[in-house]
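Morning, everyone. Please look at the structure on the screen while I talk.

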Amino acid sequence: MQSEIILEQDPRERPKSSDERYLALVWRRFKRNKLALVSMWLILAMLILAIFASFFAPQDPAQRSNEDVYLPPQGIHFFSEEGFSLRPFVYTYETTFDPETFEAKYALNTDKKVYLQFFSEGWEYNFLGMTLNTHLFSAQDNQRVYLLGTDGMGRDELSRIFHGMGVTLLMAGLITTICVVVGSLVGITSGYLGGKADLWIQRVVELMLAFPELPLYLSVIAILPKTVSPQTTFVLFVLLLGCLKWAQLAREVRGKALVLREMDYVKSAIAAGASDGRIVVHHILPNVLSHVIVVATGMIPTFILTESFLSFLGVGVQPPMISLGLLLNAARDYQVLGSYPWLLAPVGFILVSVLVFNAAGDGLRDAVDPYSGR
Amino acid sequence: MNEQTLLVNAENIQVDFKTEGGIAQAVRDVSFKIYKGQTVALVGESGSGKSISARVLMKLLPKSAIVGKATRITLHGEDMSGYTEQDMRKIRGKKIGMIFQEPMTSLNPIYTVGDQIGEIIREHNRTISKQALREQVLSLLTEMQLPDPEKRIDQYPHQMSGGQRQRVMIAMALANKPDLLIADEPTTALDVTVQAEILNLLKRLQEKFQMGVLLITHDLTIVRKYADWVYVMQHGQVVENNETESLFTNPTHGYTQHLLNSEPKGTAPAVPADNPILLEGKNVQVSFVTEPGNWWLRRPEKRFNAVKGLDLTLRRGETLGIVGESGSGKTTLGHAILRLLDSEGELIYDGMTLHDRDRKAMRPLRKRMQIVFQDPFSSLNPRMTVRQIIQEGMIINGIGKDDNDREQRAIQALQESGLAPFALDRFPHEFSGGQRQRIAIAKAIAMEPEFILLDEPTSALDLSVQNQIIQLLRQLQQKHNLSFLFISHDLRVVRALCHRIMVMRHGDLVEMGDTVTVMDNPKEEYTRRLIRAAFEVAA
């Protein structure tokens, strides 16, 4: 038909319509936000650091040392009076005490250089059932290096932060997973079923939202016997937070499901004889998923902060486990803080991790709906 | 025409858009002239660049738009290209007024209409007193033939109907007696009977104020009746322009001829009288709860009767049209027949009762009854490929031996709907409205049903695409002996496709009978009004 030909040809120059898949589109839009992109790489780096913490840590995080109590951070040097050295080295500190105030005084001993060695053998650790002893770096001749100083028991702050980050991220990840699963399930059920079921589920959700969380944690920690293992406390902590924090997500997902339920394609699926399960899995879930992913990325930083806050108060992660919040717990004393400010180093790590997750979440938010508007 | 004063002279309008993939051309070299007191129509299908050309006049383009250097627009002989945003603010509303397609969203819901009209007058006349302002707004509303203007002036937009809101929009556009009125699809969102009233009002106001009117529309019948001069646009260019009558009687460009030929024509071929009855409804009623009851206060729930006891029959191979204005209950009736809504009364399909079946019991019947929705943008799941969309029904109902067989069936359904098999791997957003509607039809016929409910399948589409869909439906009906229930407000389409029609109003049956009989010889006043609105706007 000639008229068809007239209709089909549009001589206007148009950028080629891309037949990209959903993920490719999301990725392309995500890349445009440079901050989010950098954040994503940082998150990846943090995860690698946390997973292989023992490899990156120069010292055993639990190793105490009576000589090395409260040592300040050692700077890495390449230059000395003798000139440039390709191998980085640190100077050791000599501690003296003020005879009147008993205040510790640190003097850098520039005569003695401690060279760093890379991929060296050091303390033994377990990774996936293997016993390894290779580390990224350590000091030569079995000496010790403290790039971020030591705490009151002479333990290396840097090694402890690396290990603590793993626990903090694991906790935030676990809680988020629980919240996402429970929240999406409850939200979709509530929104899709509607009516009476929706009414009652929403009342439960409101109860969860109104629940005073802090008193609950405090009382649970208080009634736990002292003998309970730190692992049990950790699991309990995850379960408690997971059980209380899904409500907000459930609300949002319910709102989405309510809208999607009325879409013509859902009616069309009903008209084709689809069961409720099929509609939820094929029509509702894929369309709320992008929203859920965005909310989940936003949840992680709030849980990192909650963990830090509670562990700082001493009611979160219990020693000998290490978490970023627990490390800060050592700096809660004004006197300690004034004399040994390097104990605040975990704050930097918390700040960075919260910021990068938020930035990446923002980028995702803009990227996940490539079909809606330009 | 030429002895009149030139109001707007637009030359070489060129607009590009920055998009992710690069620069997209939208309008290429469009020129038009508008004289004082003249109605100029820009006609074209969606995406032809007609709205963008008009918005260039107002400098109301999105940020991503790039206006070409050669673009030169003069208003009263004065070049507008150097105008800043500040200069434009003095022109918008004062010299050029604009009305939009959607009266529901163009008014601010939290101000009374009087406030909104008054604001525009005050914007260009700061010293006007409150009393004078109110009087001026009142006289404007009276001018717009809004019933009871004294009361309407203090009402909020949501208290008015679509037609009344569009009158308020026109009052706002004309508040400062502009020299030029841009009307961007002013009646598309309105019911047919209201359309004619609004257009007549515009015509009268134009003559009174001697304005130039730039009418943007895809509806040729409107153009023929109201425009003095027509510019036909295709792919961002003006392909033909002429005086209205000469253009309609003697179109020179192929595209114009194509547009003029795409009016739905013909009537449905007759159905053999001995075809068995497929679907029968007796005293079908549908009601919605508008206010839940209160057991404590002994207050019964309030119900709204959307369909009030209708009888209908549909034979095999027949098309029954259900016609009515928006809110007449026609879609509700259709959904009740497919048991997507609960209803009362009897529904009998091929000797089996439907009305006592719940969703589960309906399942064996689903593959025999299908539905095509009005809006092809919301009826296809954006996260599924066309293959998944078409095969879903087959998988649910166990049609096809294996994946290979289903693939073949899907390809066949696509081809019957006029699409190539390569569409299978794509997502709905990669297709145009007409193509999406074809996918929706392919989805329905892939199940090899006997009956398809067509819920305004053409009203969201361009005229020439409408015509293609109508022809497609006719072919499919003859090939597969399908029965259609065709819901529409567009009597022209109904006439071309339906054997019999049912006219509905407020949930009641107004009239029923053979399409030709009802159309040529309507018994009821309401039917006459619908027919007049649909066909006589054209005359």
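**Helix α9 of chain A**

The buried residues of α9(A) are A247(A), L249(A), A250(A), V253(A), R254(A), A257(A) and L260(A). Where do they sit around the axis? They cover an arc of only 140 degrees, which puts them on the same side of α9(A). Here is the general rule. An α-helix has 3.6 residues a turn, so residues three or four places apart point the same way.

Remember, this is a predicted model.

What do the buried residues of α9(A) pack against? Four helices of chain A: α5, α6, α10 and α11.

Now the length check. Helix α9 of chain A runs over residues 247-261, which is 15 residues. At 1.5 Å a residue, the helix should span 21 Å. Its end C-alpha atoms are 20 Å apart, which agrees.

**Along helix α5**

Next, L174(A), which is in helix α5 of chain A. Is L174(A) buried or partly exposed? Partly exposed, because 18 other C-beta atoms lie within 10 Å, and buried takes 20 or more.

**The cores**

The largest nonpolar core has 143 residues. Those touching the most other members are V323(B), I452(B), L485(B), F486(B) and L497(B). Helix α5 of chain A, residues 157-193, gives this core its largest share, 13 residues. Apart from this core lies another, of 70 residues, including M98(B) and Y226(B).

Back to I452(B). Leaving out residues up to four places away in sequence, I452(B) touches Q370(B), I371(B), V372(B), A444(B), L482(B) and F484(B).

Technical notes:
Residues are numbered from 1 along each chain as its sequence is written. Chains are lettered from A and ligands numbered from 1 in the order in which they are written. This is a predicted model: local features need pLDDT of at least 70, side-chain atom pairs count only at pLDDT 80 or more; totals for chains, interfaces and linings use all residues. A nonpolar core is a set of buried Ala, Val, Leu, Ile, Met, Phe, Trp, Tyr and Cys residues joined through C-beta atoms within 7 Å. A residue is buried if 20 or more other C-beta atoms lie within 10 Å of its own, exposed if 12 or fewer, and partly exposed in between; C-beta atoms are placed from the backbone. Helices (H or I, at least four residues) and strands (E, at least two) are DSSP runs, numbered from the N terminus. Two residues are in contact if their C-beta atoms, placed from the backbone, lie within 7 Å. The expected span of a helix is 1.5 Å times one less than its number of residues. The arc is that of the directions from the helix axis to the C-beta atoms.
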